[in-house]
Amino acid sequence: MDLEYTIRNPKPREAIIALNGKQIAKITKEDNLTFKLVREEDGREWIFSGKVHGEFRPFSLSISEVINGKVTEALIIREHLFKYNDKFYMLTNHPEGKSWNEYLSSPRYISRLDNFPYKDLLDIDHHTRQRIKRYRGIPVGEASGLGKSTHSVKVGSELEEIGLIIAAASYVLYSMG
C-alpha cells in the first residue's frame with residue numbers, strides 16, 4: 001500500500017492522525033454524533049456526521065468539507081459502502097482470493113467492487129445490503145487495530161486523494177463512534 005495512516009487517541013473525544021510517523025491531523029468529537037477532522041498543514045476542516053440521507057444509520061457517515069464557512073459534501077459512506085470516482089468501494093470487506101479462514105485474524109480490507117450492479121448508494125435497499133456484505137472485491141486498502149487505541153489504515157494510489165478522509169472515517173466508524 002502506498003500511504004499508511006496511524007490513528008491514536010491520547011485523550012477521550014480526541015484522536016491524532018500521523019502519516020508515516022508525522023502528525024498531520026486531529027479528530028475531535030463534537031455534539032450530536034458529529035466529529036471534526038482538521039488537517040494541520042493548511043487548516044482544512046471536514047465534519048463527519050452519522051446522519052446520512054436524513055437518517056442515522058449504522059456504519060455510515062456523511063462527510064462534508066468546510067471551506068470559508070460554506071459546507072460542501074465530500075463523501076458519503078452508507079453501511080460500509082462508498083462511491084468515489086464513479087467506482088464503489090466497501091470498508092471491512094473480505095476480498096477475492098482470500099480464504100474465509102483468514103477473516104478473523106487478518107486486517108479488514110477496503111475493496112473496490114468491480115462490476116457492481118448499482119449506480120447510486122440510494123439504489124441499494126436494506127435486503128440488497130445484506131447480500132452485498134458477501135460481495136468480494138479487489139483490495140485497495142486495509143485497516144487494522146479496529147476498536148483499539150492505535151488504528152492503522154493503509155490506502156493504495158487510487159484512494160490517495162481521499163486517504164486522510166478514509167483513515168479518519170474508518171477510525172470514527174470502528175473505534176471512536
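Here is a walk through this predicted model, from its barrel to its salt bridges and its nonpolar cores. Because the model is predicted, local features need pLDDT of at least 70 and side-chain atom pairs count only at pLDDT 80 or more, while totals for chains, interfaces and linings use all residues. Residues are numbered from 1 along each chain as its sequence is written, and side-chain values use heavy atoms, with hydrogens and water left out.

Let's start with the barrel. Here 12 strands close up in the order β1-β2-β3-β4-β5-β8-β9-β10-β11-β12-β13-β14, with antiparallel pairing. From one strand to the next, the twist averages 25°; axes are lines fitted to C-alpha atoms, for helices over the stretch in contact, and angles run from 0 to 180 degrees between N-to-C directions. Strands (E, at least two residues) and helices (H or I, at least four) are DSSP runs, numbered from the N terminus. Two strands count as paired if DSSP finds at least two bridges between them. As a reminder, strands of a sheet pair through backbone hydrogen bonds, either parallel or antiparallel.

On its other pairing, β1 runs antiparallel to strand β2 (residues 14-19), with 5 bridges. R8 lets you see both pairings: its bridge partner in β14 is T150, and in β2 the partner is I16. The hairpin of β1 and β2 has 2 residues between the strands, and R13 there takes a positive phi near 70°.

Further along, strand β8 (residues 61-67) and strand β9 (residues 70-78) run antiparallel and are joined by 7 bridges. Look for I67, which sits opposite K70 in β9. Then comes strand β10 (residues 81-84), antiparallel to β11 and joined to it by 4 bridges. In this pairing L81 faces M90 of β11. The β10-β11 hairpin has 2 residues between its strands, and N85 in the turn has a positive phi of about 50°. β11 also pairs with strand β12 (residues 108-112), in the antiparallel sense over 3 bridges, and there M90 has S111 as its bridge partner. Strand β11 (residues 87-93) is mostly covered, with 6 of its 7 residues buried. Buried means under 20% relative accessible area, exposed means over 50%, and partly exposed is in between (1.4 Å probe, protein chains only).

Now for the charges. Side chains of opposite charge can pair when their charged atoms come close. The whole structure has 8 salt bridges, each being a side-chain nitrogen of Lys or Arg within 4 Å of a carboxyl oxygen of Asp or Glu. One of them joins E55 and R57 at 2.4 Å, N to O. E55 is partly exposed at 37% relative accessibility, whereas R57 is buried at 16%.

Another salt bridge links E142 and K154, with the closest N and O atoms 3.8 Å apart. That pair connects distant parts of the chain, 12 residues apart: E142 is in strand β13 (residues 138-144) and K154 in strand β14 (residues 150-155).

R112 forms a salt bridge with D114, the closest N and O atoms being 2.6 Å apart. The side chain of R112 also makes a polar contact with the side chain of E158 at 2.7 Å. A polar contact is a pair of N or O atoms within 3.5 Å; within protein, one must be able to donate a hydrogen and the other to accept it, and residues adjacent in sequence count only if both atoms are side-chain atoms. E158 is in the loop between β14 and α2 (163-176).

Finally, the greasy part. A nonpolar core is a set of buried Ala, Val, Leu, Ile, Met, Phe, Trp, Tyr and Cys residues joined through side-chain atoms within 4.5 Å. The largest one has 37 residues, and I17, F48 and F82 touch the most other members. Its largest share, 10 residues, comes from α2. Apart from it lies another core of 9 residues, among them L81, F116, L121 and I124.
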